Every structure is written in structure tokens, then in C-alpha cells.
Amino acid sequence: MTDRLTELSAAGVAVWLDDLSRTRLSSGGLDQLRREKRVVGVTTNPTIFAKALGDAAEYDWQLRDLATRGLEVEEAVRMLTTYDVRWACDVMRPAYDATAGVDGRVSIEVDPRLAHETAKTVAEAKALWWLVDRPNLFIKIPATEAGLPAITATLAEGISVNVTLIFGLDRYSQVMDAFLAGLEQAKANGHDLSKIGSVASFFVSRVDTEVDKRLEKVGSDEAKALRGKAAVANARLAYERYCEVFSSARWQALADAGAHPQRPLWASTSTKNPDYRDVIYVEELIAPGTVNTMPEAVIHAFADHGETRSDTVTGAYDDARKVFTDLAAAGVDMSDVIATLEREGVEKFEASWVELLDGVRRSLKAAGQGSGRPGQAAKKAGGTA
């Protein structure tokens, strides 16, 4: 077992992998990470699937079958992605069983083009839940204004939810309220609350990317000194709100009924600026009851040289507030930063989804014509988010 990752897990941080592909599944790579690198969960998104379907020949047989059946491209994408997620759920099932359902979870996202349509988001969440048909699945729903009631309605159906694309503190508070309301309705509907899981994916590195860009534009020494501080401060203050909500009487009533808390999940934890330490968004966000979902490179980096310095969050709230005060004094409007990031986050995943659809459409056409390697046609569907 990797000592540094063991120490991180012992400090209360669940290590999840932010990636999935059929090659990773068929090679045993995911199971190896579970066994050797303390990985106890998996997250996916449209960009990850676009890249996976473009890079592997292992989708070819399924593409040929789907083409023979004459499936429309959107249904074909769902067949391909849910197949992988179902398989991943089975690989992670030991972690799910060992933690009584807290970990061992695998996430799949609703069509990001539905981010502003509540009813359609709920309908697709239910469809994905039926298709994958595994208890350790998470349905990812974006934390848009239309997503908030969808989160509540989906949880009320007894479906576990990963709330994604959270950037700001006020929206995070709304997400936690939507979670509590969903569990209250689920309880009223007769669902076993101990079987319902949820995480709130709070994005980290993208905050620094956007804020640093604005600080560079300001150009003063005081502004430049604030680079690389906003993201960690933002996440630490989010954890403060988490602690407040999940020590409330409202939460205690649900906990007494068997509910698990909605854990904060630190997402977008790869370092975008090479001047920053490559594991900064792991080391600086260590706190009990959290999840950190990392690309494999970050997992290996932490295993090699990461430091677990006990809790690096709860004693730093005042410092985090000072960062926000200093940012405002430097002329950085954090409310505008958050609004920009949410809008761009949805747009990036929408673009990746469209690219994925286009790539699979080309692959289906090639498979139907019996020419070439179908998976190759999807290579152009790759991208980054």
C-alpha cells in the first residue's frame, strides 16, 4: 500500500479517480488503483468520455452492433457510456461494501445541454439510474439554478446524486439546502435514507485560473501577491459552511433516520499553473469527511511526494476570509468570477458532449459501412475542460 495515500485516507480524505475508459477497465488498471492506490471512487464527465471513445479499439464491437441495430446517436452514446460505468461500479463494489455505501461510487453525468431544464434533467437522471442499475452509482447534476430543484426531485426518488460545477459559496449553500430537502422528501416517500448517497463537487483550480488572470490584469505588486490563493480560500470557506449545515438540528433529524452527509468533493484538482506545486489542491484541502477526485497523474504525484499535514482546512478560515478581503481591495469581483466560471463550465461540457455525439455519429456510420476502425473516427471528439 502507498504510505502517503494511506496517510491521506486516514486524515479523512477519500481518494477518487477523475477518469474512466474501457481500456482502463479491461486492462485491470482501475482495479489496480483500487487495490494499490487507495482509490475508492470514480468520477466521469463528457470530456472524459469524448477522449475515451476516441482512443480505444475496444469500443468497435459495440459500435458495430449499435450500427447494425440502427440506433440514433444519442441512444448509442448512452449505451456506450453506461456500459463503462456499470462495469466500473462492479469494479468498485468492494469499496462500496467495505464502507457501507459511503465510497465505492461511480458517477455519470446527465446531458449537459439540459443544465437549464429541470424536468428533463430529472427524467434523464431516472433513465440513467435504470440503465446502469447499480446501487453504487451517482448521477451528476450541475448546480445551476434549474439544477437545484432537479437535485431535490432526484434524491426524493431515492437516487444518489453527485452535484457538479459548484464554484461559489452561496450556490453551495443552496446545494446543501436542496440535498436536505431531497432527503426529507425521500423519507416521506418511504425510501431508506441509508442507501442514498451524495457529494457536492466544489471546483478548485479553475477559480485560481480565472482570478489569477484578473490579478495579472490589475498588475500591482499587491495583486500579484494574491495569485494562487483564491481557490484554496474559497474551498476552505465552503468547508466551513458544510460543518455548519451538518451540525444543524435539521440535519440531525435526517441522520437519526439513517442518512449519510453530503460530503464536499474537491474537483478540478490538477494544477493548471506550472509555477504552483503539483499537489497543492490536495495538500491544502485535507479535512475529515471530504473527497478529492484526481486525475491519475495527481494520484501518482501525491503518492510520490505529497504531504499529509493533518487538517489543513478548519484552522484556516480567518486567513481565507482575509484573502477574499484582499481580492476585493485589489478590484477582483468574486461574484463575477463565480458567475463566469459557472457559465463557462456548462458551456465547456456542452461543447464536449456535442463533440462526443459527432464522433460517435461518424463511428456509427463507419461501422455501418464496414470500413476502417470505427473507434478511430471518434478521435476528433477529444477535448479538455
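Buried here means under 20% relative accessible area, exposed means over 50%, and partly exposed is in between (1.4 Å probe, protein chains only). This is a predicted model, where local features need pLDDT of at least 70 and side-chain atom pairs count only at pLDDT 80 or more, while totals for chains, interfaces and linings use all residues. Residues are numbered from 1 along each chain as its sequence is written, and side-chain values use heavy atoms, with hydrogens and water left out. Helices (H or I, at least four residues) and strands (E, at least two) are DSSP runs, numbered from the N terminus.

**Helix α1 and its cover**

- On the face of α1 turned away from its buried side you'll find the exposed residues Asp3 and Ala10.
- The helix spans residues 3-10, and its buried residues are Leu5, Leu8 and Ser9.
- Among the elements covering the buried residues of α1 are β1 (13-17), α14 (280-283), β8 (290-294) and α15 (296-305), with contact meaning heavy atoms within 4.5 Å.
- Just after α1 comes glycine 12, with a positive phi of about 105°.

- As background, most residues other than glycine have a negative phi, and most peptide bonds are trans.
- Arginine 38 has a positive phi, near 60°, despite being a residue other than glycine.
- You'll find arginine 38 in the loop between α3 (29-36) and β2 (39-42), where the residue is partly exposed at a relative accessible area of 30%.
- Leucine 165 is a residue other than glycine with a positive phi near 60°.
- Leucine 165 belongs to strand β5 (residues 161-166) and is buried, with 3% relative accessibility.

**The nonpolar core**

- A nonpolar core is a set of buried Ala, Val, Leu, Ile, Met, Phe, Trp, Tyr and Cys residues joined through side-chain atoms within 4.5 Å.
- The largest one has 126 residues, and those touching the most other members are Leu8, Leu30, Val85, Ile139, Val211, Leu327 and Val360.
- Helix α17 (residues 334-369) supplies the largest share of this core, eleven residues.
- Valine 360 is in contact with Leu53, Leu63, Val73, Ala76, Val77 and Leu80, leaving aside its neighbours within four places in sequence.

**Pocket and cavity**

- Both come from a 1 Å grid over the protein atoms alone: a cavity is a set of points where a 1.4 Å probe fits but cannot get out, a pocket is an open set with protein on both sides within 12 Å along at least five of seven lines, and lining residues have an atom within 4 Å of a point.
- Grid points are joined across faces, edges and corners, and a volume is the space filled by probe spheres set on the points.
- The second largest pocket holds about 190 Å³ of space.
- Its lining has 14 residues, with Arg38, Val40, Ala95, Ala98 and Thr99 nearest the centre of the second largest pocket.
- β1, β2 and α6 (73-98) are the elements that give two or more residues to that lining, and α6 gives the most, with three residues.
- The count comes to one cavity of 30 Å³ or more, and the largest cavity has a volume of about 40 Å³.
- The largest cavity is lined by Asn45, Pro46, Phe49, Arg78, Thr81, Ile108, Glu109 and Trp353.
- Two or more residues of that lining come from each of α4 (46-55), α6 and β3 (105-109).

- Glutamate 124, in helix α7 (residues 118-132), is buried at a relative accessible area of 14%.
- Not counting residues up to four places away in sequence, glutamate 124 touches Arg78, Val110, Asp111 and Leu114.
- Aspartate 177 lies in helix α9 (residues 169-188) and is partly exposed at 40%.
- The C-alpha atoms of aspartate 177 and valine 245 are separated by 8.6 Å, though the two are 68 residues apart along the chain.
- Asparagine 273 sits in the loop between β7 (263-267) and α14, partly exposed at 24% relative accessibility.
- Between asparagine 273 and glycine 228, 45 residues apart along the chain, the C-alpha separation is 8.7 Å.

**Cysteines**

- The whole structure has zero disulfides, a disulfide being a pair of cysteine sulfur atoms within 2.5 Å.
- Cysteine 89 is buried at 0% relative accessibility, whereas cysteine 243 is partly exposed at 31%.
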